[in-house]
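Hi,

Here is the structure I promised to pass on.

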Amino acid sequence: MDRIFKFVEGIVSFRDPDLAGHHFRSGGDAYNFAMHLGCSSDEALNFKRAAEIHDIGKMAIPEVILNKASRLTPAEMALVKQHAEIGHEIIFPLGLEQEVQDVVLLHHENFDGSGYPKGIGGTEIPCFARMLRICDTFDAITEDRPYHRGVPWDQALNIMERDRRFYDPELLDEFTNMMRNLRTLERT
């Protein structure tokens with residue numbers, strides 16, 4: 001199974017180094033988050049692997065759209081929103097664990113039911129997908145993108161708290177605690 005993940009990661013890094021970096025950072029946060037929540041090391045590694053390929057469907061979206069510095073048109077946004085389903089189609093034949101498939105397909109579902117592609121909410125969203133919704137957003141907010149400047153981690157956590165309805169509230173609280181503890185340790 002490791003070979004499959006390495007293969008997929010290699011393809012992404014050659015096509016889009018920025019996406020590969022996002023996957024790498026999200027994977028690190030995912031692993032730390034899973035361990036923080038008391039998952040086994042095998043569960044945490046599985047979640048890390050899922051995080052490291054979660055946006056594989058973006059490989060099918062034209063770079064000119066993904067790297068557009070201005071607001072996307074409704075048609076462009078609709079295309080970008082297809083990346084979760086495309087990613088699931090790409091990995092489905094690989095026979096990866098259901099948790100990995102769920103993360104790829106459902107990582108843009110919102111706890112309040114306003115996300116995509118299925119519009120499901122609450123605990124109907126599998127736990128790893130709810131967890132990655134948080135890790136993915138944190139990295140997206142803190143890193144520079146063509147369409148926005150990254151913000152410091154504490155500001156990112158404040159933004160996520162303001163938009164709390166999108167995230168599992170208990171998981172968001174745990175992620176916030178974990179990140180604040182990690183940042184405190186880095187300073188000592």
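Let's start with the cysteines: the sulfur of Cys39 has its closest cysteine sulfur in Cys127, 6.9 Å away, which is too far for a bond. A search of the whole structure finds 0 disulfides (a disulfide being a pair of cysteine sulfur atoms within 2.5 Å). Cys39 counts as buried, at 18% relative accessibility, while Cys127 counts as partly exposed, at 35%. Buried here is under 20% relative accessible area, exposed is over 50% and partly exposed is in between, with a 1.4 Å probe and protein chains only.

Before you go further: this is a predicted model, where local features need pLDDT of at least 70 and side-chain atom pairs count only at pLDDT 80 or more, while totals for chains, interfaces and linings use all residues. Residues are numbered from 1 along each chain as its sequence is written, and side-chain values use heavy atoms, with hydrogens and water left out.

Next, the core. The largest nonpolar core has 40 residues, and Phe47, Ile53, Phe138 and Phe175 have the most contacts inside it. (Such a core is a set of buried Ala, Val, Leu, Ile, Met, Phe, Trp, Tyr and Cys residues joined through side-chain atoms within 4.5 Å.) Helices H1 (2-15), H2 (17-36) and H3 (41-51) are among the elements that give two or more residues to this core, but H8 gives the most, with 7 residues. Helices are DSSP runs of H or I, at least four residues, numbered from the N terminus. Leaving aside neighbours within four places in sequence, Phe47 is in contact (heavy atoms within 4.5 Å) with Ala30, Ala34, Val103, Phe128, Met131 and Leu132.

About 1,400 Å³ lies in the largest pocket. Of its 40 lining residues, Lys58, Ala140, Arg145, Tyr147 and His148 are the closest to its centre. H2 gives the most to that lining, with 6 residues. On a 1 Å grid over the protein atoms alone, a pocket is an open set of points with protein on both sides within 12 Å along at least five of seven lines; a cavity is a set where a 1.4 Å probe fits but cannot get out; and lining residues have an atom within 4 Å of a point.

Volumes are the space filled by probe spheres set on the points, which are joined across faces, edges and corners.

Cheers
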